[in-house]
Amino acid sequence: GLVWERKTGMRFLYGLVIGALLFALIIIPLFAFSNLTIEWNPKPITVLEALFYLSIIPLALMEEVAFRSYPFVKLNRALGFLPTQLIVSVMFAMYHVFGGWSFTSAFMGPAIWSLIFGLATYKSGGIAIATGIHVALNVAQPMLGMRTGTYHPLWILSIKGGETEASLARIDMLGTVSQMIVLIIGVGLTLYYLRKGNSQ
């Protein structure tokens, strides 16, 4: 039942902005409260490497179609919003586990973000905003060198004074706190819209 509407493109751009703001919510505390620094990558990006970032759009769209379109709608109608959010979140995490992620990484990352994607789907009635948020997050990470391999990073993250056990532990702790904030936002808004829907 997915259709391209007149506002679909604008909703996708709206999602990109939301995703960028949420990513900033995670990354800014890391720079503010740790020795993490960022600098421009001196190795220039080629046109082909820049275009390769576009591959993130169909990949994110594929995941949104698989998890937040028909299955999400059917589960929501049958079970309600909260069970749907929980089921899809766990399944989205397990999909990443089967893709090679550790349980910790899958449940601290994709499972939490699935709640945000689900909220966007629930509120907008489509997957354009969720896809935009998804793309923004998946583009921002490799741009900052947080994912190595496939994509050319535009910036390089480093630790001022070098890597020590204490500095790595602080960065991990701040990253976990940031993810917990996103989790609280996701759960809080899910419960809010659930209560609001029940009152109506």
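Me: Is Phe 92 buried or exposed?

Reply: This is a predicted model, in which local features need pLDDT of at least 70, side-chain atom pairs count only at pLDDT 80 or more, and totals for chains, interfaces and linings use all residues. Residues are numbered from 1 along each chain as its sequence is written, and side-chain values use heavy atoms, with hydrogens and water left out. A residue is buried under 20% relative accessible area, exposed over 50% and partly exposed in between, with a 1.4 Å probe and protein chains only. Phe 92 has 2% relative accessibility, so Phe 92 counts as buried.

Me: Which helix holds both Phe 92 and Tyr 95?

Reply: Helices are DSSP runs of H or I with at least four residues, strands are runs of E with at least two, and both are numbered from the N terminus. Phe 92 and Tyr 95 are 3 residues apart, about one turn of the helix, and both lie in α5.

Me: How many aromatic pairs does the count give?

Reply: Rings of Phe, Tyr and Trp (its six-membered ring) pair if their centres lie within 6.5 Å; planes under 30 degrees apart are stacked, over 60 edge-to-face and the rest tilted. By this rule the number of aromatic pairs is 11.

Me: Why is the pair of Phe 92 and Tyr 95 given its class?

Reply: A pair of aromatic rings is described by the distance of the centres and the angle of the planes. The centres of Phe 92 and Tyr 95 are 6.2 Å apart and their planes stand at 20°, so the pair is stacked.

Me: Which residues form one aromatic cluster with Phe 92?

Reply: Phe 92 has Tyr 95 as a stacked partner. The cluster that holds Phe 92 also takes in Phe 67, Tyr 95 and Phe 117.

Me: Which residue lies over the face of Phe 92?

Reply: A charge sits over a ring if NZ of Lys or CZ of Arg is within 6 Å of the ring centre and within 35 degrees of the ring normal. For Phe 92 the distance from the ring centre is 4.5 Å, and the residue is Arg 68.

Me: How far does α5 reach from its first C-alpha to its last?

Reply: The expected span of a helix is 1.5 Å times one less than its number of residues. With 18 residues, α5 is close to the expected 26 Å, and its reach is 26 Å.

Me: Which residue just after α5 takes a positive phi?

Reply: The phi there is about 110°, and the residue is Gly 100. A positive phi also follows α8, near 75°, at Gly 145. Just after α5, then, the residue is Gly 100.

Me: How many of the 16 residues of α8 are buried?

Reply: α8 reaches 22 Å from its first C-alpha to its last, close to the 22 Å expected. The helix is mostly covered, and its count of buried residues is 14.

Me: Which element gives the largest share of the lining of the largest pocket?

Reply: On a 1 Å grid over the protein atoms alone, a cavity is a set of points where a 1.4 Å probe fits but cannot get out, whereas a pocket is an open set with protein on both sides within 12 Å along at least five of seven lines; lining residues have an atom within 4 Å of a point. The largest share, 6 residues, comes from α9.

Me: How many charged residues are in the lining of the largest pocket?

Reply: Ala, Val, Leu, Ile, Met, Phe, Trp, Tyr, Cys and Pro count as nonpolar, Asp, Glu, Lys and Arg as charged, and the others, Gly among them, as polar. The lining has 22 nonpolar and 11 polar residues, and its charged residues number 4.

Me: Which element gives the largest share of the lining of the second largest pocket?

Reply: About 720 Å³ of space lies in the second largest pocket. Among its 28 lining residues, Leu 2, Val 3, Gly 125, Gly 126 and Ile 127 are the closest to its centre. The largest share, 6 residues, comes from α4.

How values were computed:
Grid points are joined across faces, edges and corners, and a volume is the space filled by probe spheres set on the points.
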